[in-house]
Amino acid sequence: MTAEPHHFLIRLATVEDADAIGLIHRTGQKQAAAESLPAAALAVSASQYAEEWRHWLRLQAMGQATGFVLVVDTRQGVGGFLCAVPPRPAQRNSWTIQHLYVLPAFQGQGIGQRLQQAAFARMRSAGAERVELLSFANNPSRHFYDRCGWREIAAETLSLYRTVLPMVRYQHDLTDWDITPDKEPSGLMADDEGLEEDHAPYPDGGVSAQDEAERRHGV
């Protein structure tokens with residue numbers, strides 16, 4: 001069943017949201033890049049993702065993890081989430097959106113764009129001038145970024161479970177960002193990159209995707 005449009009609330013995630021976030025993460029990643037993801041990545045279950053998010057959200061609640069996670073509460077439960085992290089030292093005032101996923105049942109209702117708006121507002125209040133994200137090159141919903149004013153700045157690769165995946169890096173200027181865009185998005189979004197120790201999990205821990213893959217498989 002599809003949720004009624006506009007009946008949703010965007011809020012900061014809590015530890016209690018971990019199971020829902022894990023399911024959304026697993027579903028979103030599979031739909032965004034199932035054809036290119038290695039089998040080992042696809043084998044990661046929603047419950048495994050949930051455990052990693054639960055751990056990170058607990059650290060965040062104790063002030064030991066940076067960034068924030070927003071979720072969308074609907075009448076049918078949590079329908080999407082966004083994770084953003086602050087700049088690394090070399091990035092200065094450029095934040096990064098690590099994850100942005102909306103479940104299929106809640107697509108086409110503006111949820112993705114509302115999540116983005118809420119995140120932009122929080123980043124701007126923290127002094128951010130830019131925000132970046134890394135998208136799977138074959139993500140079928142990359143058109144969302146064009147609609148929302150994202151600018152493609154580089155073609156990159158991500159090494160995951162011994163598989164090199166083509167990626168596209170986007171950037172959005174927040175200094176002149178309009179909080180009331182006139183277009184609503186539709187479709188699923190999935191945007192990830194390797195993380196440092198205090199950042200949210202991708203794909204199954206607080207380390208880079210490549211390091212975690214090698215640790216798990218004894219490479």
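Student: In which kind of contact do the side chains of Glu152 and Arg142 meet?

Tutor: Start with the general idea: side chains of opposite charge can pair when their charged atoms come close. In this predicted model, Glu152 and Arg142 form a salt bridge, at 3.2 Å from N to O. Glu152 lies in strand 6 (residues 151–160), while Arg142 is in the loop between strand 5 (130–136) and helix 5 (143–147), so the pair ties together parts that are ten residues apart in sequence.

Student: Okay, and which residue meets Glu156 in a salt bridge?

Tutor: That's Arg169, with 2.6 Å from N to O. Arg169 sits in strand 7 (residues 163–173) and Glu156 in strand 6, so this pair links parts that are 13 residues apart in sequence.

Student: Is Arg169 buried or exposed?

Tutor: Buried means under 20% relative accessible area. Arg169 comes out at 12%, so we call it buried.

Student: Where do Arg54 and Glu51 lie?

Tutor: Both are in helix 3 (residues 46–61), three residues apart, or about one turn of the helix. Arg54 is buried at 12%, whereas Glu51 is partly exposed at 48%.

Student: How many salt bridges does the structure hold?

Tutor: Eight. Some share partners, and these join Arg11, Asp17 and Asp73 into one network.

Student: And how many disulfides are there?

Tutor: A disulfide needs two cysteine sulfur atoms within 2.5 Å, and here the count is zero. As for the cysteines, Cys83 is buried at 0%, and Cys148 is buried at 11%.

Conventions
Residues numbered from 1 in each chain as written. Predicted model: local features only at pLDDT ≥ 70, side-chain atom pairs only at ≥ 80, totals over all residues. Heavy atoms only, no water. Buried < 20%, exposed > 50% of the residue type's maximum accessible area, 1.4 Å probe, protein only. Salt bridge = Lys/Arg side-chain N within 4 Å of Asp/Glu carboxyl O. Helix = DSSP H or I, 4+ residues; strand = E, 2+ residues; numbered from the N terminus.
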